[in-house]
Amino acid sequence: MQPATEPTDDVLVAAAAAGDEAAFEDLFNRHRRQVGRIAGRFFAQREQIEEIIQDTFTKLYFALHTYHGTHEASFKAWLAQISVNTCYDQLRRVRRRSEQALGELSENETKDFSTQLRAARSDIEGALISRDLALKLLTRLSAEDRLVLTLLDVEGFSVAEIAEMTNWSISKVKVRAHRARAHLRRIMRKFL
Amino acid sequence: MFKRNPQNREHPDRAGKLVLRAAVADEQEIEAASESPFLFTRVRARIAERQRENESGGWQSLPLIAWRAIPAMALVASLAGGLMLWTARPANTENAANTPAVGFGMYEDALTDTTDPGVEQTVLSRNNLSHEDVLNIVIERGEVEKKK
C-alpha cells in the first residue's frame, strides 16, 4: 500500500506521457523489481534480467500514451503484459541463436540429470535439479511452450490471465499448454 | 485400448515442473539485477537512441516500408491484370469465332505470323472492310494504273 502523499501509478504515467522525466524515473524505481521477478522466471543470468528490465521500460516509455488505466492494479497488469511479451521475444531470439547448440546434453550431464530425477521421485519436495541442466534442457522447448508452461506451472497464472497477458485466445492458450506439456513429458521420459 | 494410463504421465509431469522451477533465477540474482547501478541511465540511453532512429527514419526504415507495401502492390497488380483481361475480352462471342479480338493477344500473333490467315482477318476487321470492299479497291487501283 502506497502512502497517501505519493502519486499513484496513473498520475505518474500521465505526467511521464506529458514529458516529465522524473515521473518516468519514479515509475521505473517503483516497478523495476516486478519486471525483474518476471524476467527471472525465464532467464537465470543477471545480464539477461537486466536486459529484459531495460527493454521493458523502453517499450513502456513509447507506449505511455496508449495507457488508459482506471484503477491501481491495471498499471501493474499492463506492465506485466509488456514484461511477458519482452521475455517471449527474447526467448525466441535466444532459441533462434542456439537452435542446435544448447539442447544437447553430454553423457555425464545425462547421467547426472537422470540421477537427480530419480532422486526426485522419492523426495519431490527436497529434489535438487541443477539449474544449468534445467536451462539447457528447456532450450528444447519452443519459446511459446516455455512461456505458457512457466506462466502456468511456475507463476501459477490461470489460462484466462495468460490469454490476457499474451493477447492469445483462451483456446490457443489451452491447446498450447496441452502440446507443451506433452512435449516436456516426452523430453522427461528420456531421463526417467 | 488406446487410453493412456494417467499414472504414466504423473511422474514425467512432476519432473517437468521441477525442471521449470529449477530454471528460475534465485531472489538474490533478481534483486542484484533490479538494483544494478546505472540501470535507469541505460534505459534513458536506449530511449534516446530509439528516438533518434524514429526521427531520422532514414534508409533503415525502407525495408520495413517495402515489406508493408508488398501486399498492397500485389493487390494493385492483380486488379490491373484482371482489368486488362476484362477490357481485352471479345465484345461479341459470335463475332469472336470468326474474327480475332482487337487488341487481344491474338491480334499481335496474327500480325507477326504471315502464314496465318489471321493477318488478313485482322486487317479487314480493323478497317471495317468486307471482302467486296477489298475487291472494289483492287479493281479501282487497277483502273487507275491502266489510265496512267
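This is a predicted model: local features need pLDDT of at least 70, side-chain atom pairs count only at pLDDT 80 or more; totals for chains, interfaces and linings use all residues.

How many residues of chain A are in contact with chain B, and how many of chain B with chain A? I looked that up and got 39 residues on chain A, in contact with 29 residues of chain B.

Next I checked which elements supply the chain A side. Those giving two or more residues to it are α2 (21-42), α3 (46-63), α5 (107-122), α6 (131-138), α7 (143-154) and α9 (170-189) of chain A. I also sorted that side by class: 21 residues are nonpolar, 13 are charged and five are polar.

Then the fold of chain A. Burial comes out at 34% of the 192 residues of chain A. For the contacts in chain A between residues at least 6 apart in sequence, I get 63% joining residues at least 24 apart.

On to the core. The largest nonpolar core has 53 residues, and Ala39(A), Ile49(A), Val148(A) and Val19(B) have the most contacts inside it. The top contributor to this core is α2(A), which gives seven residues.

Leaving out residues up to four places away in sequence, Ile49(A) touches Gly36(A), Ala39(A), Gly40(A) and Phe43(A) in chain A. From chain B, Ile49(A) touches Ala25(B), Glu29(B), Ile30(B) and Ala33(B). Ala39(A) turns up here as a neighbour of Ile49(A), and Ala39(A) is also on the list of residues with the most contacts inside the core.

How values were computed
Residues are numbered from 1 along each chain as its sequence is written. Chains are lettered from A and ligands numbered from 1 in the order in which they are written. Two residues are in contact if their C-beta atoms, placed from the backbone, lie within 7 Å. Helices (H or I, at least four residues) and strands (E, at least two) are DSSP runs, numbered from the N terminus. Ala, Val, Leu, Ile, Met, Phe, Trp, Tyr, Cys and Pro count as nonpolar, Asp, Glu, Lys and Arg as charged, and the others, Gly among them, as polar. A residue is buried if 20 or more other C-beta atoms lie within 10 Å of its own, exposed if 12 or fewer, and partly exposed in between; C-beta atoms are placed from the backbone. A nonpolar core is a set of buried Ala, Val, Leu, Ile, Met, Phe, Trp, Tyr and Cys residues joined through C-beta atoms within 7 Å.
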